[in-house]
Amino acid sequence: MTENELRRRRLISAKQSEESIAKIEGQGSYKLAFADNEFLLSDDLRAVRLQLEYLKPQLTLEKHNVDATIVVFGSARFLPPEQAQHDVGVAEQALEKDPENDTLKGHLKRAKRALKNSAYYQQAMDFARIATEHNLCHDDENLMIVSGGGPGVMEAANRGAMEAGGDSIGLNIVLPHEQRPNPYITPEYCFQFHYFAIRKMHFLQRARALVAFPGGFGTLDELFETLTLVQTQKSEPVPIVLVGKEFWQRLIDFDLLVEEGTIAEQDLELFEIVDSAEEAWQAICHCYDLKNGSRHIR
């Protein structure tokens with residue numbers, strides 16, 4: 001074999017080796033476990049993902065000594081009063097140009113309902129402001145508002161905290177129609193979850209009170225899960241306040257549950273229904289006054 005032929009074969013062999021190595025390095029099996037998304041997202045790794053999703057917010061909040069929160073729930077669909085008022089004006093102007101248009105009549109009806117419900121947005125914002133101002137006057141408490149991180153009542157809660165000059169937390173969830181974080185969350189306390197169960201754990205783990213404004217399935221889910229955990233003594237009792245008597249008393253006949261024997265009469269003491277942000281705050285303070293003889297929520 002000539003020298004040139006030997007050199008050619010060596011080059012071919014070296015090229016084949018590099019191609020083989022590149023092929024090996026391109027396989028998922030060669031990737032570092034924590035850098036292999038296909039591996040991390042496999043069904044077998046669900047337990048690991050649950051643990052990671054729990055630990056990421058946990059370590060961040062521990063680092064910043066956040067250990068006492070007030071949870072605010074409520075509809076994602078309620079609008080700020082200023083936007084709701086603007087939408088009514090637009091709908092009225094459109095209907096004036098075509099008074100017999102049933103579609104436009106429907107738009108105006110929905111806009112007026114949204115304007116009525118925007119009062120809950122304002123109340124949630126007022127409540128978060130009151131609670132945050134209290135926190136800023138009590139450095140030893142580090143009490144912080146936490147919401148689901150999205151629009152509506154969630155946005156109002158984070159907005160009230162921000163306008164009072166304080167921080168707040170947003171626990172966002174990945175949904176089919178992606179939920180973006182509202183702009184009022186303190187950036188370092190804005191988290192995103194895939195698993196509802198882990199998100200719920202973080203809602204309640206540090207909760208010193210829960211305030212529920214009118215809402216839909218999500219609000220009811222969170223409310224009744226909390227009531228169940230407290231009723232069954234799986235969680236420490238905390239003040240649970242429902243804001244909006246007309247809504248809650250029309251939506252749920254709690255007395256019927258007692259009459260039918262599905263809950264005990266003393267279970268009605270697990271929550272209180274009020275009509276305003278100020279009453280909600282006073283209900284929380286009253287609960288801790290009775291328990292600790294002070295207004296400190298710890």
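How many salt bridges does the count come to? The count comes to seven, where a salt bridge is a side-chain nitrogen of Lys or Arg within 4 Å of a carboxyl oxygen of Asp or Glu. This is a predicted model, so local features need pLDDT of at least 70 and side-chain atom pairs count only at pLDDT 80 or more, while totals for chains, interfaces and linings use all residues. Residues are numbered from 1 along each chain as its sequence is written, and side-chain values use heavy atoms, leaving out hydrogens and water.

**View 1. Arg159 and Glu163 pair up in helix 6.** Their salt bridge spans 3.1 Å, N to O. They sit four residues apart in helix 6 (residues 153-163), so about one helical turn separates them; helices are DSSP runs of H or I, at least four residues, numbered from the N terminus. Arg159 is buried at 13% relative accessibility, but Glu163 is exposed at 51% (buried is under 20% relative accessible area, exposed over 50%, partly exposed in between, with a 1.4 Å probe and protein chains only). Glu82 joins these two in a network of salt bridges.

**View 2. Lys105 meets Asp102 in helix 5.** Here the N to O distance is 3.9 Å. Lys105 is partly exposed at 38%, and Asp102 is exposed at 59%.

**View 3. Asp43 forms a salt bridge with Arg46.** Their closest N and O atoms are 3.4 Å apart. Asp43 is exposed, with 57% relative accessibility, while Arg46 is partly exposed at 38%.

Methods: Helices (H or I, at least four residues) and strands (E, at least two) are DSSP runs, numbered from the N terminus.
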